[in-house]
Amino acid sequence: MAASGGKPEFELSEPADDHKKEDEEYENSPIEEVRLTVPVTDDPSLPALTFRTWFLGLTSCIALSFINRFFGYRNNGLGVSSVSVQIVVLPIGKLMAATLPTKPIRIPVLGWSFSLNPGPFNMKEHVLITIFANCGSGGVYAVHIVTIVKTFYRRNLHPMAGFFLAQTTQMLGYGWAGIFRKYLVDSPYMWWPSNLVQVSLFRALHEADIRPKGGLTRLQFFLIVLASSFAYYIVPNYLFPSITALSFICWIWKKSVTAQQIGSGYSGLGIGSIGLDWSAISGFTGSPLATPAFAIFNLMAGFVLIFYILLPITYWSNAYNAQKFPLFTSDVFDADGNPYNTTRVIDSSTFSLDLDAYNNYSKIYLSVFFAFAYGLSFATLTATLSHVALFHGKSILELWSRTTAMAKDQFGDVHTKMMKKNYKAVPQWWFQVILVLMVALAIWTCEGFGKQLQLPYWGILLACAVAFFFTLPIGVISATTNQQPGLNVITELIIGYMYPGKPLANVAFKTYGYISMSQALWFLQDFKLGIYMKIPPRSMFWVQLVGTFVSSAVTFGTAWWLLESLDHICEPKLLPEGSPWTCPGDHVFYNASIIWGLIGPLRMFGRLGVYPEMNYFFLIGLLAPVPVWVLSRVFPEKKWIKLINMPIILGATSGMPPARAVHMMSYFVVGVYFQYYVYKRYKAWWARHAYILSAALDAGTAFMGLLTYYSLQTYDINGVNWWGLAADDHCPLASCPTAPGVVAEGCPAYT
């Protein structure tokens with residue numbers, strides 16, 4: 001989003017000739033988008049790490065960590081992004097600057113002093129507070145492990161093992177960030193495109209906000225939408241939960257399995273289904289108001305191809321005995337169509353696969369959609385690599401060659417030079433100490449506490465080697481193209497073949513290998529934002545470090561509290577009617593631990609498995625971008641061809657489940673309306689209000705959700721007892737198998 005209104009903070013003079021123009025651009029930044037967005041000015045006298053920064057930053061970090069984990073266990077999750085905080089804290093910071101005393105406060109003995117109010121609330125404070133919020137909004141992947149151990153496998157887990165697991169997996173990325181920051185941050189050619197959106201938004205928020213004639217200021221608009229969202233959410237959250245998925249076809253054909261499979265928004269194709277709940281719209285796929293229109297159209301194309309063409313063909317042709325199982329589910333089954341009884345194949349003494357029991361029971365079967373979901377995840381990974389190589393490979397190689405040359409010559413653009421001149425750099429040994437401590441603590445966490453997490457020391461070291469190997473190449477891709485291939489499939493495959501039969505070892509290895517790399521890229525991206533916004537590097541370092549520690553602690557504490565205090569959490573069949581604590585994301589994570597860890601890829605996707613054909617998707621993904629690339633070269637005047645993004649298309653259903661058809665359909669309706677229609681017809685309104693609308697809807701929904709929980713639902717008062725109380729779409733037959741001879745409770749028998 002480009003900043004609107006106001007005088008630009010910098011201007012570039014016209015060069016006398018082309019050679020001079022080239023020199024000036026190179027001095028400023030070799031990337032045109034950076035030159036057009038990032039100012040080349042700085043005021044080193046502005047305070048950054050102030051009392052306001054610590055107070056508002058820590059408060060934001062704690063609040064988002066708590067809210068996002070709290071809602072993560074609910075039927076419709078809600079991910080409150082840091083953009084909400086970015087907008088909310090601005091008036092609060094200005095209020096603190098206007099009211100707090102300016103007299104310094106002295107700390108006895110230490111001789112330290114600080115001021116509650118060092119002057120006007122400035123952009124550097126605002127950036128650091130947002131970095132704190134980023135730490136809280138990102139989530140802690142390792143908490144899924146804690147959840148499945150306690151609620152699905154029903155095994156004991158020492159709370160300190162869970163706590164250190166959360167901390168080490170989040171903070172290990174500092175080591176990789178420190179090693180590669182010279183190449184991925186200091187280089188002007190590694191420009192991290194998504195940061196420019198943040199730069200534009202900060203500039204827009206700090207420019208004078210003049211109320212347009214007949215309109216509202218940004219703050220007024222935010223408060224009105226927040227109040228409206230807060231008031232409305234009592235309906236889907238308490239009074240009428242069924243409004244989150246209105247599946248009209250099911251209400252018309254109440255006794256038809258096929259009709260309900262077609263119309264159900266939760267368990268079927270979701271044709272004609274819609275959700276009137278912001279948490280259903282944004283809870284699983286993110287806010288549609290923050291996704292570009294081209295990405296939404298690619299997602300829609302992929303969703304239609306996969307969900308409305310591939311799924312019906314494979315299901316109604318009975319591929320992989322699909323009709324023995326529900327049309328859409330992430331559950332696992334035995335050969336007779338019954339839920340897979342994992343207790344029959346787990347050796348309770350070693351908590352590993354009992355091969356004799358497994359061979360005497362059954363292989364694992366998946367719904368046909370879930371099987372293809374894994375195949376498509378394979379395709380998405382290779383398609384991303386292929387797409388980046390074809391469309392960006394030449395520019396990446398060129399930028400990388402310049403980066404390595406720059407590293408030898410210690411050359412940088414004006415932004416890097418200003419930072420080195422005005423601020424102290426973060427010593428390399430700070431990162432090295434954190435890396436050594438986190439690796440040692442990770443080994444102790446997995447080897448100690450009775451080896452409850454199953455992963456041996458060599459597994460930690462191998463996971464670190466995987467993260468180290470992939471951080472630089474994936475970092476280069478992310479820093480130049482804004483695309484980040486995930487390592488979850490690769491890590492699951494590696495440990496699944498090397499250490500099969502150990503479900504917790506598999507998910508722990510995946511978390512240490514995949515999440516530590518993702519965290520490293522997150523830290524590096526924030527460091528680059530710090531360069532663009534001229535934030536003192538040491539201030540940025542401490543905010544990231546403290547924010548990561550606090551976020552991990554709060555997220556783990558919230559999860560442990562809910563798991564210990566809520567009866568039957570994550571057990572939908574045992575929860576009282578209207579209870580939202582169904583844990584959809586954790587169900588998927590649990591089933592993944594069975595598929596990749598307990599049974600292993602050899603017995604799922606290898607020669608001993610049911611689905612070896614899914615491996616062809618690696619090749620399909622690798623080749624998929626080629627026709628698009630060829631067409632873009634043959635018809636260069638057709639700019640829209642380059643907007644066809646095969647990784648997005650193939651990964652359109654990557655969040656399904658836990659996302660359902662109704663969530664995707666509602667997401668598309670809102671996304672197309674705002675990001676295409678409103679953007680084209682009312683661009684000024686969109687530029688001024690789109691992000692603020694998203695933030696206000698998030699905040700209002702979160703506040704009402706917390707209020708109803710603490711005032712009503714914590715006392716098992718879940719709503720008015722009527723038809724609309726059920727947190728489903730009233731399509732009970734949609735999840736029925738249709739194969740002859742398969743019996744399921746509440747379903748008709750086919751012969």
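A disulfide here is a pair of cysteine sulfur atoms within 2.5 Å. With that in hand, here are the close-up views, all taken from a predicted model.

**View 1. Cys736 and Cys747 are joined by a disulfide.** The S to S distance is 2.0 Å, inside the 2.5 Å cut-off. Both cysteines sit in the segment after H29, so this bond ties together parts that are eleven residues apart in sequence. The torsion about the S-S bond is about -85°, which makes the disulfide left-handed.

**View 2. A disulfide links Cys250 with Cys731.** Their sulfur atoms are 2.0 Å apart. Follow the chain from one partner to the other and you will cover some ground: Cys250 belongs to helix H12 (residues 248–252), while Cys731 lies in the segment after helix H29 (683–711), so the bond ties together parts that are 481 residues apart in sequence. A torsion of about 110° about the S-S bond makes this disulfide right-handed. Cys250 is buried, at 2% relative accessibility, and Cys731 is buried too, with a relative accessible area of 7%.

**View 3. Cys570 and Cys583 pair up in the loop between helices H23 and H24.** The sulfur atoms of this disulfide are 2.1 Å apart. The loop runs between helix H23 (537–565) and helix H24 (584–599), and since it holds both cysteines, the bond ties together parts that are 13 residues apart in sequence. With a torsion of about -75° about the S-S bond, the disulfide is left-handed. Cys570 and Cys583 are both buried.

**Overview. The whole structure contains three disulfides.** If you count the bonded cysteines along the chain, the disulfides follow the pattern 1-4, 2-3, 5-6.

Key:
Residues are numbered from 1 along each chain as its sequence is written. This is a predicted model: local features need pLDDT of at least 70, side-chain atom pairs count only at pLDDT 80 or more; totals for chains, interfaces and linings use all residues. Side-chain values use heavy atoms; hydrogens and water are left out. Helices (H or I, at least four residues) and strands (E, at least two) are DSSP runs, numbered from the N terminus. Buried means under 20% relative accessible area, exposed over 50%, partly exposed in between (1.4 Å probe, protein chains only).
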